[in-house]
Amino acid sequence: MSNPFVGIVEPLDPKQPLKKFFNLRKLEDVRYARLPFSIRVLLEAAIRNCDEFLVKKGDVENILNWKVMQHKNVEVPFKPARVILQDYTGVPAVVDFAAMRDAVKKLGGDPEKINPICPAVLVIDHSIQVDFNRQSDSLQKNQDLEFERNKERFEFLKWGSRAFKNLRIIPPGSGIIHQVNLEYLARVVMDQDGYYYPDSVVGTDSHTTMIDGLGVLGWGVGGIEAEAVMLGQPISMVLPEVVGYKLIGNPQPLVTSTDIVLTITKHLRQVGVVGKFVEFFGPGVAQLSIADRATIANMCPEYGATAAYFPVDDISIGYLIQTGHNKEEVMCTKRYLEAVGMLRDFKNSSQDPDFTQVVELDLHTVVPCCSGPKRPQDKVAVSDMKKDFETCLGAKQGFKGFQIAPDQHNSIVKFNFEGHDFELAHGSVVIAAITSCTNTSNPSVMLGAGLLAKKAVEAGLTVKPYIKTSLSPGSGVVTYYLRESGVMHYLSQLGFDVVGYGCMTCIGNSGPLPESVVEAITQGDLVAVGVLSGNRNFEGRVHPNTRANYLASPPLVIAYAIAGTIRIDFEKEPLGINASGKKIFLKDIWPTRNEIQAVERQFVIPGIFKEVYEKIEAVNKAWNALDAPSDKLYTWNPKSTYIKSPPFFDGLTLALQTPKTIEDAYVLLNFGDSVTTDHISPAGNIARNSPAARYLTSRGLTPREFNSYGSRRGNDAVMARGTFANIRLVNKFIDKQGPQTIHFPSGEILDVFDAAERYKQAGHPLIVLAGKEYGTGSSRDWAAKGPFLLGVKAVLAESYERIHRSNLVGMGVIPLQYLPGEDAGTLGLTGRERYTIIIPEKLKPQMNVQIKLSTGKTFHAIMRFDTDVELTYFHNGGILNYMIRKMAS
């Protein structure tokens with residue numbers, strides 16, 4: 001049966017031949033107009049790639065009955081138009097591809113079948129660290145050190161770009177993946193193979209959702225799932241619910257897009273949107289620039305949704321022209337969207353779709369705010385920051401508490417830095433970073449920071465020299481307009497020199513603090529503070545010595561750096577006193593919205609985007625000089641500590657192995673709520689007393705050569721040892737924070753890896769117990785690969801973040817979920833029991849399975865394989881095993 005939804009229209013561009021386009025609706029069918037715009041894009045992608053999808057399901061007509069179909073668990077095979085990767089997740093993906101080629105060859109198949117079908121772009125942005133700052137040559141020094149540390153990884157990626165078709169590499173120093181995607185890679189509408197169709201993307205980074213702000217449907221997936229998509233496998237997902245988020249009103253003059261997104265993040269965490277789409281509508285959307293919308297969409301993982309979609313409107317079209325896209329092509333894009341009813345007018349309420357649920361925010365009610373000290377959803381109004389932090393000091397250890405004794409709240413530690421005496425206290429700022437794709441992609445907040453810096457310098461304010469300040473833009477475009485507008489000089493004077501083009505402090509690549517600062521923090525057991533314009537502030541992520549970390553807009557990052565402490569009430573206390581003895585308040589130097597917009601209109605112009613991106617792949621001379629082999633099969637170096645053939649496919653046969661009941665499993669770790677992928681698989685520095693450090697030392701490396709966990713994701717031996725190695729890990733079996741657990745057969749307290757090894761050697765399977773929101777945070781595949789290598793067969797949690805659940809499925813680890821109303825407490829579970837999980841012969845999606853305890857107790861849990869396709873992956877031992885068997889046969 002032919003697809004009934006392929007339409008033909010008159011040429012949208014008179015210079016081109018007749019174009020076909022895919023269109024879900026029948027033009028006269030009013031039901032199409034009730035579908036959320038994000039669902040229209042999702043279904044058109046499914047139909048375009050999988051003609052049998054709707055026909056097979058018998059939903060050709062019914063799919064338009066949105067209110068009915070969203071409750072019927074319709075399985076959608078989504079094939080995005082393209083895939084994007086960054087190097088932390090991209091290196092293990094290319095490692096897996098290389099190993100899969102070896103496995104296919106061993107099974108008698110053609111190894112070159114392991115090749116991306118779906119176009120993929122890998123942007124190298126996660127490797128650079130803030131080793132040098134406050135120097136005019138910091139950028140060059142950091143880039144040189146990046147190459148020195150990561151040359152082997154970069155050579156491997158260059159091999160991958162030659163060995164695999166459809167894999168394009170954007171060299172280091174070019175920018176952050178999501179900003180490059182927004183400003184350069186995104187098309188909004190694809191014009192390919194005789195068809196127009198909506199652009200869509202998945203990426204191996206959770207903040208891929210940033211592109212939703214431009215009207216391109218995209219979200220983050222685990223590296224394992226992305227590899228399957230690249231090989232032509234659709235993403236199997238249940239048709240999601242869509243929460244309509246209505247924006248009304250105008251933002252107040254002092255409010256930034258950062259304040260808006262932190263407000264939305266807290267609100268939607270309270271609403272509960274995990275596994276759902278959020279689609280923005282209402283007249284307030286028209287008040288937001290594309291950069292503002294991208295900021296809001298970027299933090300979608302922090303509020304837990306799958307996508308945070310802003311349909312395309314005239315402002316989106318204007319942005320494409322502003323960022324240097326061909327004007328004729330952009331106008332063709334607009335005509336296509338008009339023809340298929342997908343160009344949105346946010347002021348026209350008759351276009352508002354039917355949503356599963358509607359929530360509302362009046363933008364005028366948003367106030368300047370930060371989030372912290374340990375989670376992005378914990379918003380705090382700037383006016384309350386001082387009081388809130390002081391409350392956190394004494395509060396019980398937790399998301400909002402540090403449990404500092406009352407008599408220690410005002411402790412002061414004196415120290416010497418570069419020949420001068422200083423003091424640190426609880427709340428002292430030691431890191432201030434303008435960083436991340438969330439904010440550096442937004443000219444209004446970046447120029448706002450620059451103008452604030454100008455006024456601060458002119459008022460005679462400075463930043464204390466021991467504070468680690470940095471500016472890491474998301475693309476060269478930012479440096480261009482900061483320099484041309486004349487504010488870069490003032491940022492540099494306050495210590496905010498450009499230190500690199502990459503994620504840097506936001507992902508924990510913040511580099512070392514001065515030794516005297518670390519000694520002072522340690523001596524006083526101080527709650528030192530990092531302030532960053534990033535999107536995540538989970539414990540142990542930003543820096544091991546900053547126990548409190550706050551997300552803030554770029555102008556506020558500078559303000560707190562000048563103040564030197566988080567314990568300040570900006571309305572009542574001055575930022576500082578200049579040489580003339582005058583008190584300078586934040587209101588004295590805060591730029592107005594009109595000032596910022598005037599500079600933005602003058603300097604953020606199409607020419608700078610063209611100039612930067614025309615040379616993006618040739619600008620890095622060190623990358624251009626790298627030599628790499630061009631063999632189709634990779635030659636593994638047994639001496640390498642960066643790139644190693646993983647053991648995932650050892651012993652793989654064409655025949656399937658029947659899943660077996662998990663018998664008498666021990667609990668490796670017992671967690672509470674909001675365990676993040678940073679807790680499970682940290683990305684930052686490798687502690688010198690850790691199992692990973694011991695392994696690297698045994699291979700002849702010194703601590704200076706350890707690099708980070710993120711940089712070593714191509715080596716399973718390091719990453720297995722780094723699993724659950726976060727220094728802020730809270731395991732209920734242990735009465736203090738740290739990456740340790742109890743090995744129950746011996747009763748010893750061991751590092752998690754060492755305990756898991758003992759269990760494995762004795763043939764004991766393992767499980768993990770957890771609370772709500774297990775696996776929140778980054779989309780790192782090693783948060784599933786690592787537990788798999790430790791011998792974890794299943795996780796039992798109250799709820800999962802979407803990407804991590806998919807990653808567990810991809811590795812063949814069973815995600816189990818307590819029945820509604822039940823948890824470890826109600827069931828009386830201590831984690832010291834042994835667990836037998838009964839796996840029936842016949843499985844179906846989301847079925848209940850029986851769990852028997854060594855105590856004699858029995859209960860049931862939901863097996864969170866949500867679709868038939870996911871069950872197929874489980875029967876194959878994971879998604880990659882499935883793809884190898886498919887390619888080999």
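A residue is called buried when its relative accessible area is under 20%, exposed when that area is over 50%, and partly exposed in between, as judged with a 1.4 Å probe on protein chains only. The model shown here is predicted, so local features need a pLDDT of at least 70 and side-chain atom pairs count only at pLDDT 80 or more, whereas totals for chains, interfaces and linings use all residues. Residues are numbered from 1 along each chain as its sequence is written, and side-chain values use heavy atoms, with hydrogens and water left out.

View 1. Helices (H or I, at least four residues) and strands (E, at least two) are DSSP runs, numbered from the N terminus. Helix α21 spans residues 593-603, and its buried residues are I596, V599, E600 and F603. These four cover an arc of only 100° around the axis, which puts them on the same side of α21; the arc is that of the directions from the helix axis to the C-beta atoms. An α-helix has 3.6 residues a turn, so residues three or four places apart point the same way. On the other side of α21, N594, R601 and Q602 are exposed. The buried residues of α21 pack against α15 (443-458), α16 (476-484) and α22 (606-614), where contact means heavy atoms within 4.5 Å.

View 2. Strand β27 (residues 740-743) pairs with strand β28 (residues 748-751) in the antiparallel sense over four bridges; two strands pair if DSSP finds at least two bridges between them. I742 stands opposite I749 in β28. Four residues lie between the strands of this hairpin, in which G747 takes a positive phi near 80°.

**View 3. The largest cavity.** On a 1 Å grid over the protein atoms alone, a cavity is a set of points where a 1.4 Å probe fits but cannot get out, a pocket is an open set with protein on both sides within 12 Å along at least five of seven lines, and lining residues have an atom within 4 Å of a point. The largest cavity has a volume of about 190 Å³, a volume being the space filled by probe spheres set on the points, which are joined across faces, edges and corners. Its lining has 24 residues, of which Q86, H126, D205, I507 and R541 lie nearest the centre.

**View 4. The largest pocket.** The largest pocket has a volume of about 1,200 Å³, and of its 40 lining residues N685, I686, P703, F706 and N707 lie nearest the centre. The largest share of this lining, four residues, comes from α5.
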